[in-house]
Amino acid sequence: MPLDRPDADPLVPYQLPFPPDALPEIVVPDAVPEDERLWVPQAENVWFRPLCLNASQGYWMNLLRVRKSGVLSRHRHPQAVHGFVLKGRWRYLEHDWEATAGSYVFEPPGETHTLVVPEGVEEMITFFQVNGVMVYTDPQGAVLGYEDVFTKIDLCRRHYTQVGLGEDFVQRYIR
């Protein structure tokens with residue numbers, strides 16, 4: 001890694017302009033918000049908190065919050081997914097491991113699994129980066145529906161309008 005010149009002050013910030021077409025950064029200081037309006041309902045007792053909705057590259061990063069036990073969904077990923085459990089625990093019916101608070105999970109492309117929140121878990125929150133699409137299936141793989149960054153954006157717009165934040169509130173997360 002190259003170092004600054006020996007006579008340079010390391011506390012001087014970069015002095016040149018950023019590229020004119022560079023997108024602005026996203027900073028979410030209250031990623032796990034106290035304002036319930038920021039959680040977007042996805043199903044009964046299931047919400048997501050958008051952090052980055054990348055329409056130009058087709059991925060999204062969010063917190064998934066579940067306040068119920070049982071099967072959440074069965075789905076397939078054609079691209080990789082990364083997860084980090086912040087609270088609670090969950091597992092997949094197709095595997096013998098359980099993801100607990102502090103666990104990192106890599107889900108390889110082609111993986112189909114059924115997410116289950118075990119009995120006794122009052123709240124589960126996991127940070128996910130989902131690339132591409134989630135394809136919902138039945139146990140034999142028949143397609144039942146899908147989610148992508150655009151369906152997520154639409155859900156956010158509708159929800160933020162309903163709770164009085166306005167449909168443009170979601171723009172802060174879109175890149």
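This is a predicted model: local features need pLDDT of at least 70, side-chain atom pairs count only at pLDDT 80 or more; totals for chains, interfaces and linings use all residues.
How much space lies in the largest pocket? About 280 Å³, with volume taken as the space filled by probe spheres set on grid points joined across faces, edges and corners. A pocket here is an open set of points on a 1 Å grid over the protein atoms alone, where a 1.4 Å probe fits and protein lies on both sides within 12 Å along at least five of seven lines; lining residues have an atom within 4 Å of a point. The lining holds 23 residues, and Gln42, Leu64, Leu72, Met134 and Tyr136 lie nearest the centre. Strand 1, strand 2, strand 3 (59-66), strand 4 (70-76), strand 10 (124-131) and strand 11 (133-137) each give two or more residues to this lining; strands are DSSP runs of E, at least two residues long, numbered from the N terminus.

Residues are numbered from 1 along each chain as its sequence is written, and side-chain values use heavy atoms, with hydrogens and water left out.

Glutamate 107 sits in strand 8 (residues 104-107). This residue is buried yet has no salt bridge, and the nearest side chain of opposite charge, arginine 76, is 12 Å away. Buried means under 20% relative accessible area, exposed over 50%, and partly exposed in between (1.4 Å probe, protein chains only). A salt bridge needs a side-chain nitrogen of Lys or Arg within 4 Å of a carboxyl oxygen of Asp or Glu; for charge, Lys and Arg count as positive, Asp and Glu as negative, and His and the chain ends are not counted. What glutamate 107 does have is a side-chain polar contact with tyrosine 92 (2.4 Å) and another with histidine 77 (3.1 Å). Polar contacts are pairs of N or O atoms within 3.5 Å; within protein, one must be able to donate a hydrogen and the other to accept it, and residues adjacent in sequence count only if both atoms are side-chain atoms.

Elsewhere, the whole structure has seven salt bridges. One of them pairs glutamate 123 with arginine 67, with the closest N and O atoms 2.7 Å apart. That pair links distant parts of the chain, 56 residues apart. Glutamate 123 is buried at 12%, whereas arginine 67 is partly exposed at 36%.

Key. Helices (H or I, at least four residues) and strands (E, at least two) are DSSP runs, numbered from the N terminus.
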